[in-house]
Amino acid sequence: MIEVNGLTRTYGRFTAVDDVTFTAQPGRVTGFLGPNGAGKTTTMRIMVGLTPPSRGSVRIGGHDYRDLPNPGRRVGVLLDASAQHAGRTGREILTVGARTMGLPASRVDEMLQMVSLTEQEAGRRLRNYSLGMKQRLGIAHALLGDPEVLILDEPANGLDPAGIRWMRDLLKGYARRGGTVLLSSHLLHEVELIADEMILIGRGRIVAQGDKQTLLAQNGSVSTYAAGLDRDALGVALQRAGLEAAPDGEGFRVTAAAADIGRAALEHGVVLTELRNAAAGLEDLFLELTSDTQRDAVAAHDPQGAAA
Ligand SMILES: Nc1ncnc2c1ncn2[C@@H]1O[C@H](COP(=O)(O)OP(=O)(O)OP(=O)(O)O)[C@@H](O)[C@H]1O
């Protein structure tokens, strides 16, 4: 388990991480999601003792990371896949890691196999690795000591679609076996499919957290598109049922569940031709919650403003 409590990091007068509190539970994949510069990397660096916090604390399995005698056996870390000796081969990097952790050399082959790096690729120097290969090696390095906690910063970066699916299955399996996974991303779709829990961060502050359903429900995203054979009659039926409806194309966007709309239509003898979930979804929620922290907010919503 990772427990982050009131974590704050300032640089001069700038606050990069602002009173961040959350828990990543064993058996779950927790996604740490936020736009560029939101404070994800800084938070993760503090977790593993690379950056001191200005305030607050992080406990991993009840301990401060720096107090762990053989940290690689407890916590697998991938912060920057390029932050290894560029002149070493992939195999050498894993071998050094295995020796430091007191693991048998056979573990290196197991890991290379697990991340699908071939014998030939493992013999290449890191400086000649593609970004995706570096990520695979970084994941192998994080998993080397069979730790119970994984902290991964943008692990999907540079992976192709098949690689992303592979990583998703790997991390889900790891969590299913009781591991704690915290992974960051600035891309919602990468996190959405893999994370059981999501922590949304913007400008150093947590703006929302919970599982997908909770996040959507908390933010009142119940919205249904409804259309009927007789548009006016449907409008009257919705109004009489006290449902909030806004005209949208041939039908209405209604702030109500499909069952309530169906009932209203039935009561007034209106034939429905379309009834579907029109909730904005997590993407919109993510952009909305972090809107004042998105540097491209104006350009994205106001193309003319962007051109001006
Ligand atoms: N050593 C430092 N000195 C000054 N500012 C820093 C330092 N390290 C990080 N920052 C600032 O803190 C903010 C958060 O950066 P961080 O790298 O944690 O963001 P991030 O969420 O990981 O972003 P990205 O998705 O772009 O990787 C940024 O504005 C960054 O410039």
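Mentor: First, a term: a residue is buried if 20 or more other C-beta atoms (placed from the backbone) lie within 10 Å of its own, exposed if 12 or fewer, and partly exposed in between. This is a predicted model, with local features needing pLDDT of at least 70 and side-chain atom pairs pLDDT 80 or more, while totals for chains, interfaces and linings use all residues. Residues are numbered from 1 along each chain as its sequence is written.

Trainee: OK, so is Glu154 buried or exposed?

Mentor: Glu154 is buried, because 21 other C-beta atoms sit within 10 Å. Glu154 also has a positive phi, about 45 degrees, without being a glycine.

Trainee: Switching topic: which residues are around the ligand?

Mentor: Tyr11, Ala16, Gly34, Asn36, Gly37, Ala38, Gly39, Lys40, Thr41, Thr42 and His186, each with its backbone-placed C-beta within 6 Å of the ligand.

Trainee: How many domains, and where do they run?

Mentor: Domain 1 covers 2–209 and domain 2 covers 222–278, with bounds from an automatic or database assignment. Taken over C-alpha atoms, the centres of domain 1 and domain 2 are 46 Å apart.

Trainee: What average pLDDT does the chain get?

Mentor: The chain averages 88, and 92% of the residues score at least 70, pLDDT being the predictor's confidence in each residue, from 0 to 100. For the complex, the predictor gives an ipTM of 0.96 and a pTM of 0.80.
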